[in-house]
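Visitor: I have a chain to look through. Please take me around it, one question at a time.

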Amino acid sequence: MLTTAAERVGQASRRILVADPTASTAESTKKLQRSAAANVVCGFSLAGICILAFSLRLFSVIKYESVIHEFDPYFNYRVTQYLTKEGFYNLWNWFDDRTWYPLGRVIGGTVYPGLIYTAGVMWNVLHFFNIPIHVQEVCVFTAPLFSAFCALTTYFLAKEVRSQGAGLFAALFAASVPSYISRSVAGSYDNEGVAIFALVLVFFLYVKVASWGGYSFIINLLPIHCLACIFLGRMNSRLYVAYAPFIVLGTIEAASIPVVGFNAVLMSEHFGSFLAFGVLHAAMGMQYIKHILPARTYNAAKALAVSAGVAVLGVVMVLLLGYVMASPTFGWTGRSLSLLDPTYASKYIPIIASVSEHQPPAWNSYFTDVHILVLLAPLGLIACFRPLTDASLFLILYGVTAVYFSGVMVRLMLVLAPATCCLGGIAADQIMVTFCKSIRPEEGSGGWSGIFKTWLDGPEPHTQEDTVSVDAKPAASTTSSAGTGKRYKGSARNRVKEATNKGTEASPFNAFNLFGNAKQKLPRDVGIVGAMFFFSMLVFYIFHCCWVSAEMYSAPSIVLQSRSPQGGVHVFDDFREAYGWLRHNTDEEAKVASWWDYGYQTTAMANRTVIVDNNTWNNTHIATVGRAMASPEHQAWQIYRDLDVKYVLVVFGGFVGYPSDDINKFLWMVRIGGGVFPDIKEPDYLGERGYTIDDKAGKAMLDCIMYKMSYYKFAQAAEMTTGRYGFDRVRNTNIGVPDISLKYFEEVYTTEHWMVRIYEVKDQPSRGVHTDASRKGKNQLKRVSPSGKSRTPPTW
């Protein structure tokens, strides 16, 4: 599928001999040498780009340590550990009784195995060669490794669409684009680390043939491209070979994964691919009949086939409509409906709307995450229209759909990244070609300028219809164009040039060569200044990507840093401190309740059974925990006792100013709990000024167990550090009830910076309860530094 440098040199030699059989041997040899040297330069450039892609994602290890990031990656890491110990087969039958107590979870039937199997294979290969590396290190560096592979596949995709120069620019952008870095830094062991590489690889193979099957976004984008080719009259055998096996093999492979199963044929998300599959076969059948029947017979057969097709389609549509209407979501998943209707989740599924990465992105996120590609991608989109090939049509559809979905959900900025890289690479290549052609030396000069000239010219593009025979005579390589009187040389490159030059002379974009090979050249001085300015933009882009990678996307969620006004760095390691305490100071069979965000980390790091976790497969169970958090102390105690909970974990940031705490997430607990239990009503938790925690807060808010666990003993500690009794640094106000007492729960551990607080659920309520006020001045909580002096905690 990919030609070697020697083969390309041979092909270039044959093209030269066919185009000009009288060319001298010396000139031919010089061109071959330049072409081979250009391929060598391209190879070294790709190697450097891969090293850049891998290195940019190592800031998290350099600044912190080799540790798993975020929440979901801890589940993937735990499953990978099980796979390396128990084997691939046993993973499918693993029933995990440490999650979703007392329900448990069948891991093999609820996990997407691609990432886990990939890391497992890498670990086994390394140990086969006696490289004793821990599975955690494999998990930490999987995403950076596949980001380098993704840069390579992006090069081949953009090269297939346009040229080698466009491929190099696209690879550079893919290696460093911040939106991709955000989910592929070292330690970000999540599905996206491998999935984006697989997505771009599928797109490249699909375009190269017109495959291996994918899911969701892929299963809907490729049918759109297939239908567009059919209705635009671009249908051919290559399209059939690319699409039909994809649907058959992809559906079979997807159905063989337990978490997908029969959803591959029963969910509405997949019906579009089957529709395109049927339309493609019908169109190919009509095309075949047209070639074997006379015109009059073909028209009659066509009318009969269309009538029969409409009738069959009508019956199928009625059956599908009946099947879809039987589902309350019309056969779509909640996340898919959220993409089609951005307001759907906030109205009907608060568990989806509560996730921060499911929110629409702010407008400045595009400048942060794709930077100059915001400007280059639209230019590349315009350039894809001339000439409009099957490959460029696919890239246009990919770019448009990715832009829409990224505007609905910030998480899908990741899907937008490859599209903007390819489109930006095409635009950058065209701009640089325009500038460099105005300043390059005359044809025939050697040295590195000749190599660069070869790269500018690029390889001759191939088309589906045109091939050049080595044995063909020169006279046979020219044909007349009917109706125009023009003559074309037999090479595909000259035909593309002629086709693109037709519409470029009057184009306002002619100066920037967006629509093909412009006949006009810029003045030499303009070319030099323009090339230097564009190169400086690329350098600035790389610096921006390095800064974003180091400062914004390298911090793991479990280890936080802050800088003091003097420039010092303070590390907040409260999460691992709390999980370590649970692991070493509680019974192995103890059950821990927390909000679902921390379920994966608690199971993986504390090795304790949790009630809910980040899988969020059972909304009722999550609503039960939300109801407990929103209930008064006695009622919450009863719920936790019914769930056999021994410890309750609460994340609190009011002491050091950590904003992502449970108080700021509390309204989502109320909404999710109220969606199942009608006694939980959101207005009861709102005060005169909306959602607050001061003395104007709602009565239900001040009485709920979440409020009491967060602010228990907090007022005195805040007074010692801020000078204000009960001052919350996150909400920037004094709490409404500073003197809190607990009867059914007992504080057993609070981390150094109060970010995690752990309470034990008592078997029996306490008989005598004293408020914080009664103990004021006697047993005040006091934080003491190693030197013995009281200190003010740093602000996160």
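**A loop serine and two helix pairs**

Guide: Start at Ser594, found in the loop between strand E7 (591-593) and helix H27 (599-606). Helices (H or I, at least four residues) and strands (E, at least two) are DSSP runs, numbered from the N terminus. This is a predicted model: local features need pLDDT of at least 70, side-chain atom pairs count only at pLDDT 80 or more, and totals for chains, interfaces and linings use all residues. Residues are numbered from 1 along each chain as its sequence is written, and side-chain values use heavy atoms, with hydrogens and water left out.

Visitor: Is Ser594 buried or exposed?

Guide: Buried means under 20% relative accessible area, exposed over 50%, partly exposed in between (1.4 Å probe, protein chains only). Ser594 has a relative accessible area of 4%, so it counts as buried.

Visitor: Which residues does Ser594 touch, beyond four places in sequence?

Guide: Contact means heavy atoms within 4.5 Å. Leaving out residues up to four places away, Ser594 touches Val612, Val625, Met629 and Leu649.

Visitor: What separates the C-alpha atoms of Ser594 and Ile611?

Guide: Ser594 and Ile611 are 17 residues apart along the chain. Their C-alpha atoms are separated by 7.6 Å.

Visitor: How are H28 and H29 oriented to each other?

Guide: Axes are lines fitted to C-alpha atoms, for helices over the stretch in contact, and angles run from 0 to 180 degrees between N-to-C directions. The axes of H28 (residues 619-629) and H29 (residues 633-642) come within 8 Å and cross at roughly 150 degrees. Angles under 35 degrees count as roughly parallel, over 145 as roughly antiparallel, 65 to 115 as roughly perpendicular and the rest as oblique. H28 and H29 are therefore roughly antiparallel.

Visitor: Which residues make that contact?

Guide: H28 brings Thr624, Arg627, Ala628 and Met629. H29 brings Gln635, Ala636, Ile639 and Tyr640.

Visitor: How do H12 and H14 lie to each other?

Guide: The axes of H12 (residues 237-255) and H14 (residues 271-292) come within 11 Å and cross at roughly 140 degrees. That makes H12, relative to H14, oblique.

Visitor: How many residues of the contact of H12 with H14 are nonpolar, polar and charged?

Guide: Ala, Val, Leu, Ile, Met, Phe, Trp, Tyr, Cys and Pro count as nonpolar, Asp, Glu, Lys and Arg as charged, and the others, Gly among them, as polar. The contact divides into 11 nonpolar, 3 polar and no charged.

Visitor: What is the mean pLDDT of the protein chain?

Guide: pLDDT is the predictor's confidence in each residue, from 0 to 100. In this chain, 80% of residues reach 70 or more. The mean is 80.
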